[in-house]
Amino acid sequence: MTAASLRGLEMRFGRVQAVAGVDLDLRPGEVLGLVGESGSGKSTLGRCLTRLLKPTAGKVMLGADDITGWPESRLRPRRAEMTMVFQDPWSALNPRMRIRRLIEEPLLLHTKLSADERRAQAEALAGRVRLAPQMLDRVPSELSGGQLQRVCIARAIATNPAVIVLDEPTSSLDLSVRAGILDLLGQLRADTGAAMLFITHDLATLRLIADRVAVLYLGRVVEQGTAAAVLDTPEHPYTQSLMSAHLSANPTERSARIRLSGEIPSPIDRPPGCPFATRCPLAEARCTVSAPALLPTEKDHLVACVRVPEGTARLT
Amino acid sequence: MLLDVLDLSVQFVARDEFDVERTARALNAVSFSLDRGRILGLVGESGAGKSLTVTAILGLLRAPARLVGGQAVFEGEDLLAMPPSALAKLRGGRIGLVVQSPRTALDPLARVGEQLVRVQRAHSAISHREALTRAEAMLAAVGIPAPASRMAAWPHELSGGMAQRVVIALALINEPHLLIADEPTTGLDVTVQAQILDLLTEQVRRRNIAAIVITHDLGVVAQYCDDVAVMFAGTVMERGPVAEVFAAPEHPYTRALLESAPERLRLGTGRVFGGAPPDLYALPPGCLYADRCPLAEPRCATPPPLAVARSRATLCHLA
């Protein structure tokens, strides 16, 4: 049983094809890490999943329901089941509302709780996200970035959603604050049983929090599998170079790095074939003909590269 | 020593709503030094005073920031005691600067080649023709493909990585002895970040110059820097060679910072450090980290001594 899934998802904005055919399953109680560089389409994918955007092709399933074409009026009552946490907590919260009111808001919209019950719930939620009770009577400008992100997380879990999309939730936070938020999310994963889509460009964070990982490049998943499979034994040349470009905070881990030249190409008028072919050191003529399918290499590990089944995709 | 910063202190003076003057101690006796061929990582969280430190060294402080003491001796001269005109000559000359956002560092109304010519002619009596030749060679040196045609490019035509290469070219073209890079790769993608840091460090090594890299990313320090100075609340808490400090941090703050790197973090232990940095308007007389320090003792309410051992220095009673 999946909490939510995407089938053949495509999202075009005019000539820009941000997402170009993605299948993903989100399972209850599991964190799926979605990693990619800017322009890879990861935020667009997250917004399609929660139907903030209507995809131009493909399907979005919430539980057993195909919600792809649902109008907003029909989606609204179901929004309690799929929530989001954004990168920038300063702009995600109404600056004029007190924290108490901000946390009560989803309860007001989606439940029939009385005012007293809501008040008690908000206090309980603040406790669950480890926010001191005196913060409830303040306004956002009086809280730090880490505290505000806790408020956003409290709002996201208030209605016991089946799916939570977290779009770079720790990227704008200082290291020490980030550690606290990740610790909290790890705890909530166990407590809530929600499926989480954790969007990030930071591989070290994924290693901490993700059960499974999907690597997105120019709108396509190029590799997907358990976190251990993808992060420890990356197969796709792009994933290999991404892992290799990660700067470990451990100075003794100085590896010989694989260096990619150039940058991610524009999603406007994308070339046919493998999305990575323009930067791949191993690209050959056949890579520019058609996009390779995502095929299993082992249990729970899928890779979209024609060289992988041949055993010739290793970069050195 | 190429650069010797000693007891650099900066304050901000502000008036509160009752028009009472309040003083923020933004930099507190910041000290570090740097030799040719070395790369120093200045690391800390937001508000720790990393950028303010180089702003002060470069003589770019503006009111309400005020220099209250210290020295920054660069090649034998104290930058902080220099007349502004002499310091202006050094900036972009013997000291090159790479800033975080290449979009704002480049003049949007000048072609790449023209900007490279301009910065050379501002510092020497070089001919326009010769400046053009050197500009093109510099673009090639920073890994810009087809440099001859890129000379005519406008900044908005460059990708983020290419724009940052141009900024590095601008910083290097007058052959500086010291390069200061303030968050040079923040905002760039990881694969591009690696390209830019490789380029920066390769240029520093090849030219045998020194560099200060300001960053909040421990990975940048671990992988690219020789020395590190860890800042907290406008103070250098600990400094020394990267390998030694990362392997055996002496200051409790350094230890906590390193432990919060995702590579070392252990979730679910409840042992997460954090908390707000102290209020710079009301700093305690003793150790600035004492409030958050798990090891704090009564004596930490008094100013900590600087424990110096060989190449390392730690500002802590317990070190």
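Two strands count as paired if DSSP finds at least two bridges between them, and strands (E, at least two residues) and helices (H or I, at least four) are DSSP runs numbered from the N terminus. In this predicted model, local features need pLDDT of at least 70 and side-chain atom pairs count only at pLDDT 80 or more, while totals for chains, interfaces and linings use all residues. Residues are numbered from 1 along each chain as its sequence is written, and chains are lettered from A in the order in which they are written.

**Strand pairing in chain B**
- Strand E1 (residues 3-15) of chain B is joined by 10 bridges to the antiparallel strand E2 (residues 21-34) of chain B, and B:Gln11 stands opposite B:Arg25 in E2(B).
- The hairpin of E1(B) and E2(B) has 5 residues between the strands, and B:Asp19 takes a positive phi near 60° there.
- E1(B) also runs antiparallel to strand E4 (residues 65-74) of chain B, with 8 bridges between them, and B:Leu3 stands opposite B:Phe74 in E4(B).

**Chain A as a whole**
- Chain A has 10 helices and 12 strands.
- Of the 316 residues of chain A, 49% count as buried, that is, with 20 or more other C-beta atoms, placed from the backbone, within 10 Å of their own.

**Contact between the chains**
- In chain A, 34 residues are in contact with 34 residues of chain B, contact being defined as C-beta atoms, placed from the backbone, that lie within 7 Å.
- Helix H7 (175-192), helix H8 (203-209) and helix H10 (237-245) of chain A each give two or more residues to this side, and H7(A) provides the largest share, 9 residues.

Note on methods
Two residues are in contact if their C-beta atoms, placed from the backbone, lie within 7 Å. A residue is buried if 20 or more other C-beta atoms lie within 10 Å of its own, exposed if 12 or fewer, and partly exposed in between; C-beta atoms are placed from the backbone.
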